[in-house]
Amino acid sequence: MLTKLFPNLDVQDFWTATYETFYMTILALIGTFIIGIILGLLLYLTTKDGIWQNKFINMIVAAIVNVFRAIPFIILILLLFPFTDFLIGTIRGPNAALPALIIGSAPFYGRLVEIALKEVDKGVVEAAKAMGAKTSTIIFRVLLPESMPALVSGLTVTAIALIGYTAMAGVIGAGGLGDYAYFYGFQRHDFDVVLVCTILIVIIVFIFQFIGDFISNKLDKR
């Protein structure tokens, strides 16, 4: 069916590219979630009147977040080539794309985490403090649970950005649908291949958006 609609499409290579896109997106999203939560918590806790108020640490973390958010992703991949080669042993393929995907997305998600934490009712946090709750208890029993709908929404936005990043990474040999669309579609002037890759990327975005909205709505107690 696909080959009739898109005569230049190699179905086996197409499904391999689809798998690689999901592989990169999901693994990068897990890494982004973990690092982003840490960055967001540090930004929130060390801010003025925060539990760990520390202007110096806050300034350092904010600077790191702002710098990496400011670097265009395609340039970030190139800058990280030596680090990627050292860490992964190659600069090509889906695994090689993961460091750049995580480093490029985690600061963005970290800011969304900070915003979500700031929306938590300060009265709830103060009540936990008054009851003698430890910082770890406040983080894991108050801040994160109360902000979970916003955290999931932020993660959904980040996941969609990551799908776009995987397509860009594909242009320099990371694999996935971006790689397939560029090398097997654009460079060969087989624009039906570019079209079907674009359609599938849009479908993947809609899937992630639907799942994220569904989970966020389920977690929202309002």
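A: About 80 Å³ of space lies in the largest cavity. A search of the whole structure finds one cavity of 30 Å³ or more. The model is predicted, so local features need pLDDT of at least 70 and side-chain atom pairs count only at pLDDT 80 or more, while totals for chains, interfaces and linings use all residues. Residues are numbered from 1 along each chain as its sequence is written, and side-chain values use heavy atoms, without hydrogens and water.

A cavity here is a set of points, on a 1 Å grid over the protein atoms alone, where a 1.4 Å probe fits but cannot get out; lining residues have an atom within 4 Å of a point. Grid points are joined across faces, edges and corners, and the volume is the space filled by probe spheres set on the points.

The lining consists of F73, I77, F81, T84, I91, A96, A97, A100, A169, I172, G173 and A174. Elements that give two or more residues are α4 (73-79), α5 (81-88) and α6 (94-118). The most comes from α6, with three residues. Helices are DSSP runs (H or I, at least four residues) and strands are E runs of at least two, numbered from the N terminus.

Now the wider setting. An unreviewed UniProt entry annotates residues 18-212 as "domain: ABC transmembrane type-1". UniProt positions follow the numbering used here, feature names are shortened, and annotations may be inferred rather than shown by experiment. Over residues 18-212 the chain is 83% helix and 0% strand. The end C-alpha atoms of that stretch are 20 Å apart.

Next, the surface. L195, I199, I203, I207, F210, I211, F214, I215 and L219 make a nonpolar patch of about 800 Å². Patch residues have over 30% relative accessible area and no salt bridge, with nonpolar side chains (Val, Leu, Ile, Met, Phe, Trp, Tyr) joined within 5 Å and like charges within 9 Å. A salt bridge puts a side-chain nitrogen of Lys or Arg within 4 Å of a carboxyl oxygen of Asp or Glu. Areas come from the Shrake-Rupley method with a 1.4 Å probe; for residues, only the protein chains shown count as cover.

F214 lies in helix α10 (residues 191-219). F214 counts as partly exposed because its relative accessibility is 47%. Buried means under 20%, exposed over 50%, and partly exposed in between (1.4 Å probe, protein chains only).

Finally, the loop between α9 (176-186) and α10 holds H189. H189 is not a glycine, yet has a positive phi of about 60°. H189 counts as exposed because its relative accessibility is 61%.

Definitions and conventions: 1 Å grid on protein atoms, 1.4 Å probe; cavity = no way out; pocket = protein on both sides within 12 Å on 5 of 7 lines; lining within 4 Å.
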